[in-house]
Amino acid sequence: MKLTLKSGALGITTAALMAGTALANPYADYEGTTLIVNFPAHPHYDAVMQILPEFTAQTGIEVEVDQLPYLKMRERQTLELAQDEGEYDLIAYVVFSKADYVYADQLENLAKYFMNPKLADPGYDAADLIDGYVYNIGFAGGDRGYLSGATGSLFGLPYGSETSVLGYRKDIFEKHGLDVPETYEEMLALACQIPELEPGMGGLSSRAASGHHAAHAFLLHLNPLGGAIFDENWEPVVNNAEGVAAAEALKQIVDCGPEGAVNFGFGEALGAFLNGDTAMFLDTTIVAGQIDDPDKSQVVGQVGWALHPMGTERASQTGGFGIGIPANAENKEAAFLLMQWLTSKEGDKLVAMAGGNPSRFSTHADAEVNAKFPHMATFGEALQYADPDWRPIIPTWGKINADLGTTLSKVLTEGLDIQEALDGVATRARATMDEAGYYTWN
């Protein structure tokens, strides 16, 4: 849907933003500009819609939002970014689109904007941004081509980024005297113990449907259990002992999960938890707002939060969305001002208070934010372990990820042997990487 947002709305005074700028208004040259932005239909961006009128009130820059379901958003962006002149001035993109867009030279390098004293806010405090999110969603050209490093550069900023945490039913745990799991061994044991203690209830709700859902669920366990998709030389290692352990963990979770778990996508997995059909949910931080919403949840006030359990190491997901400026955008400088405002300390707190996912350490520690959302402190602690190398964000990943997800589905639904399944994924992944030239220099 398209919405045009006019000034007005939140009634929040932000004189501090303009402190020290009595002689100059950094937005004056862009007053009256209308930006067209492309955002996903997603809880974080629903919160963004509430705060955009404040940006217009402060700056005089209008914002027109084309908000689409994620897959349709990606399809539209694929068409728009390939044009000589695109419709969008600012886009949100999911983490694994970064490689595609940067490789095709479709996103602006942000260095020249942060170097421009007329555009860059000296109080922006980039060091306060969650570094794992920044490297994961924004950097390209550095280590391994998609992380920070001496040759890296910034193409986007985290906005709607996520990490993984464990949600659990406090009432069920208290009823049976259960301890919140701190390790994978404890979590997996509880996943199958709970259905025995509470007949009809699943232990842990997980994505499992064929394709990217099953791949996502597998990745949730791979890094904490010491695994990876590739070694340092791009040789596939997904089929080693750690990869097998991650697939075994996923299968055990699904086998002991709620009815129909083998076909769950994200919505179904979350829905089972919201409906009280399962006692645990291991996935993204973005779900907290829905779990606390009485219009959507039957477990309001009954959910506690804990760190992603520890396997051989402590690790948690990095993923979700960031924002960037298309290389073919018409109003790039005004788009940068919107991007900077949204991800500033002020903007980040505003979106957090509206129910969004903050991108700054200071927002997670903010007393007012924590008073409204007590889970934010746990989420902030989880960010210490957010791994920017959660998945390889390379142009070939889409093909490999799809193969991984469909193959794992056969493990879950058809009884395909785990080692055989992952051996096949590794063989096909190596062929894909070879074709793309990853072994040219070996």
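Is Asp125 buried, partly exposed or exposed? Asp125 is partly exposed, with a relative accessible area of 31%. The structure is a predicted model.

**The disulfide**

- A search of the whole structure finds 1 disulfide, and this bond joins Cys192 to Cys256 with an S to S distance of 1.9 Å.
- Cys192 lies in helix α7 (residues 184–197), whereas Cys256 lies in the loop between α9 (241–255) and α10 (266–274), so the pair ties together parts that are 64 residues apart in sequence.
- The disulfide is right-handed, because the torsion about the S-S bond of Cys192 and Cys256 is about 85 degrees.
- The two cysteines fall into separate accessibility classes: Cys192 counts as partly exposed at 21% relative accessibility, while Cys256 is buried, with a relative accessible area of 17%.

**Helix α1 against helix α12**

- Two packed helices are described by the angle between their axes and the distance between the axes.
- For helix α1 (residues 43–59) and helix α12 (residues 332–342), the axes come within 11 Å and cross at roughly 120 degrees.
- That angle makes α1 oblique to α12, and α1 passes α12 in a right-handed crossing.
- On the α1 side, the contact is made by Val48, Ile51, Leu52, Glu54, Phe55 and Gln58. On the α12 side, the residues are Leu337, Leu338, Trp341 and Leu342.
- Sorted by class, the contact of α1 with α12 has 8 nonpolar, 1 polar and 1 charged residues.

**Helix α1 against helix α13**

- Helix α1 also packs with helix α13 (residues 345–353), at an angle of about 135 degrees and with the axes 8 Å apart.
- Here too α1 is oblique to its partner, α13, and the crossing of α1 and α13 is right-handed.
- From α1, the residues His44, Ala47, Val48, Ile51, Glu54 and Gln58 meet Glu346, Gly347, Leu350 and Val351 of α13.
- By class, this contact of α1 with α13 has 5 nonpolar, 3 polar and 2 charged residues.

- The buried residues of α10 are Ala269, Leu270, Gly271, Ala272, Phe273 and Leu274.
- The elements that cover these buried residues of α10 include the strands β8 (164–169), β9 (202–205), β10 (278–284) and β11 (303–307), together with the helix α11 (288–291).
- Just after α10, Gly276 takes a positive phi of about 80 degrees.

**Ala208, a buried loop residue**

- Ala208 is placed in the loop between β9 and α8 (212–222), and at 0% relative accessibility it counts as buried.
- Leaving aside residues up to four places away in sequence, Ala208 touches His213, Ala214, Val254, Ala261, Val262, Phe264 and Leu412.
- From Ala208 to Gly347, the separation is 139 residues in sequence and 35 Å in space, C-alpha to C-alpha.

**Thr151, an exposed loop residue**

- Thr151 is found in the loop between β5 (139–140) and β6 (153–154).
- Thr151 is exposed, with a relative accessible area of 63%.
- Not counting residues up to four places away in sequence, Thr151 touches Ala140, Gly141 and Gly142. Of these, Ala140 is 11 residues from Thr151 in sequence and 8.6 Å from it in space, C-alpha to C-alpha.

**Aspartates with positive phi**

- Asp105 has a phi near 60 degrees, a positive value in a residue other than glycine.
- Asp105 sits in the loop between α3 (98–103) and α4 (111–114), and at 61% relative accessibility it counts as exposed.
- Asp125 likewise has a positive phi of about 60 degrees although it is not a glycine.
- The residue raised at the outset, Asp125, is found in the loop between α4 and α5 (131–138).

Definitions and conventions. Residues are numbered from 1 along each chain as its sequence is written. This is a predicted model: local features need pLDDT of at least 70, side-chain atom pairs count only at pLDDT 80 or more; totals for chains, interfaces and linings use all residues. Side-chain values use heavy atoms; hydrogens and water are left out. A disulfide is a pair of cysteine sulfur atoms within 2.5 Å. Helices (H or I, at least four residues) and strands (E, at least two) are DSSP runs, numbered from the N terminus. Buried means under 20% relative accessible area, exposed over 50%, partly exposed in between (1.4 Å probe, protein chains only). Axes are lines fitted to C-alpha atoms, for helices over the stretch in contact, and angles run from 0 to 180 degrees between N-to-C directions. Angles under 35 degrees count as roughly parallel, over 145 as roughly antiparallel, 65 to 115 as roughly perpendicular and the rest as oblique. A crossing is left-handed if the near helix is turned anticlockwise from the far one by less than a right angle, and right-handed if clockwise. Contact means heavy atoms within 4.5 Å. Ala, Val, Leu, Ile, Met, Phe, Trp, Tyr, Cys and Pro count as nonpolar, Asp, Glu, Lys and Arg as charged, and the others, Gly among them, as polar.
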